[in-house]
Amino acid sequence: MTRLFRDPLGPCIAPRGSIVCVGAFDGLHLGHRALLGEVVARARASRREAIALSFEPLPREHFARANPPARLQLPRSRFEGLAALGCDAVGLLRFNAALASMSAEDFVRKVLVERLNAREVWVGPDFRFGRGRAGDVELLKRMGAELGFVAHSLDIVTCVDGERVSSSRIRDALSAGALELASSLLGRPYAISGRVVRGQQLGRTLGYPTANQRFGRCLPALWGVYAVRAHGIADAPLAGVASLGTRPVVQGREPLLETHIFDFSGDLYGRRLSIEFVAKLRDELNFPDLPALIVQMDRDAARAREILSSVPAAARGRPASWSPA
């Protein structure tokens, strides 16, 4: 069972030594998976622990609280994905003022060496860390020679079109509705995983009951109305239509994912679902009244059924959220 730890300081958690990879790992795309695959393989060969080290919130969210960047994954899905890839322990370190002010040298000594007993440290080619982003791969290599670990940087992984694979490129693709491009960069379809919560139950009165999922402080990477498949209800994914937005017609403010599952009746409150995004139907719109909204919902549902009937679920593989739901 993969262990989760949040504190950067404390007793050593890997007495036999560890092979560590450090990064944001938002989305667990092809580049992340290549890095993690190398780390896990080397850990198994050396009988040491494979540890993925990341942060929650992500550093860019900490420094841009007023206008946080979009996220590809919620924290639990990121942990589950790292565990599924073979990590023995996952650190989602609390990124706060104290950690932000820690020097790169102290991070190496106190976290990588004392806390993790790192024997190898793997990072991406552009990795920066420590106060003022002063640390880089060269600093890791110099300090590793002094402190007993070896630092490595994995080469950039490219997609079939020769462009660099990155979380920012995937966010841009999702924002533009380019789901096929996002899937090719991820290596699997994009999905959002989370627990179903109670909403205003407006959908029931409109003839479209929905399973609602919230995002907390995380900002989703895509908006609008989509043809989707819901994983986690039955053995096979169920077809549906979903709206992700703030619901301007009812003066909503908080981002909410509302999924109507076709031909389904049942209580999903508290269940953890993974919603796979298959095709974008339209942007979120404001409507003058609820009857106008219902007319558009009818159109959206019909279009989603048409699209999903032409795209076999088995052909699309495991959703990118990597949640067993």
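In this predicted model, strand β2 and strand β6 (residues 118-123) pair in the parallel sense, and four bridges hold the pairing. Within this pairing, C21 stands opposite W122 in β6. In general, the strands of a sheet pair through backbone hydrogen bonds, either parallel or antiparallel.

## The sheet

The pairing of β2 with β6 belongs to an open sheet of six strands, whose order is β1-β5-β3-β2-β6-β7 and whose pairing is parallel. The two edge strands are β1 and β7 (150-153), each of which pairs on one side only. Direction ignored, neighbouring strands of this sheet are turned by 20° against each other on average.

Strand β1 (residues 3-5) is joined to β5 by three bridges, and the two strands run parallel; here L4 stands opposite V90 in β5. Strand β3 (residues 49-56) also pairs with β5 in the parallel sense, over six bridges, and in this pairing E56 has R94 of β5 as its bridge partner. Five of the six residues of β5 are buried, so this strand is largely enclosed by the rest of the structure. In a regular strand the side chains alternate between the two faces of the sheet.

## A helix across the strands

Helix α5 lies across β1, β2, β3, β5 and β6, and it runs at about 140° to β3. Which residues of helix α5 (residues 104-115) are buried? They are A104, F107, V108, V111, L112 and R115. Seen down the axis of α5, these buried residues fall within an arc of 145°, so they line one face of the helix. After α5 comes N117, whose phi is positive, near 50°.

## Salt bridges

| Pair | N to O distance |
|---|---|
| R71 and D26 | 4.0 Å |
| E61 and R71 | 2.8 Å |
| R282 and D300 | 2.8 Å |

R71 takes part in a salt bridge with D26, their closest N and O atoms being 4.0 Å apart. Because R71 lies in strand β4 (residues 70-71) and D26 in the loop between β2 (18-22) and α1 (30-46), this pair ties together parts that are 45 residues apart in sequence. Both ends are enclosed, for R71 is buried with a relative accessible area of 3%, and D26 is buried with a relative accessible area of 1%.

The side chain of R71 also meets that of E61 in a salt bridge. E61 lies in helix α2 (residues 59-62) and R71 in strand β4, so this pair ties together parts that are 10 residues apart in sequence. Both E61 and R71 are buried.

Elsewhere, R282 forms a salt bridge with D300, with 2.8 Å between the closest N and O atoms. This pair links distant parts of the chain, 18 residues apart, with R282 in strand β14 (residues 272-282) and D300 in helix α10 (residues 290-310). R282 is buried, with a relative accessible area of 15%, and D300 also counts as buried, at 6% relative accessibility.

Several salt bridges share partners, and in this way D26, E56, R60, E61, R71, R78, R171 and R217 are joined into one network. Among the members of this network is E56, the residue whose bridge partner in β5 is R94.

## Cysteines without disulfides

How many disulfides does the structure contain? The count comes to zero, where a disulfide would need a pair of cysteine sulfur atoms within 2.5 Å. For C12, the nearest cysteine sulfur is that of C21, which is 17 Å away; for C21, the nearest is that of C87, which is 5.4 Å away. Because a disulfide requires the two sulfur atoms to be within 2.5 Å, C12 is in no disulfide, and C21 is likewise in none.

Is each of these two cysteines buried or partly exposed? C12 is partly exposed, with a relative accessible area of 35%, whereas C21 counts as buried, at 0% relative accessibility. C21 is also the residue that stands opposite W122 in β6, which brings the description back to the pairing of β2 and β6.

Technical notes: Residues are numbered from 1 along each chain as its sequence is written. This is a predicted model: local features need pLDDT of at least 70, side-chain atom pairs count only at pLDDT 80 or more; totals for chains, interfaces and linings use all residues. Side-chain values use heavy atoms; hydrogens and water are left out. Buried means under 20% relative accessible area, exposed over 50%, partly exposed in between (1.4 Å probe, protein chains only). The arc is that of the directions from the helix axis to the C-beta atoms. Two strands pair if DSSP finds at least two bridges between them. Axes are lines fitted to C-alpha atoms, for helices over the stretch in contact, and angles run from 0 to 180 degrees between N-to-C directions. Contact means heavy atoms within 4.5 Å.
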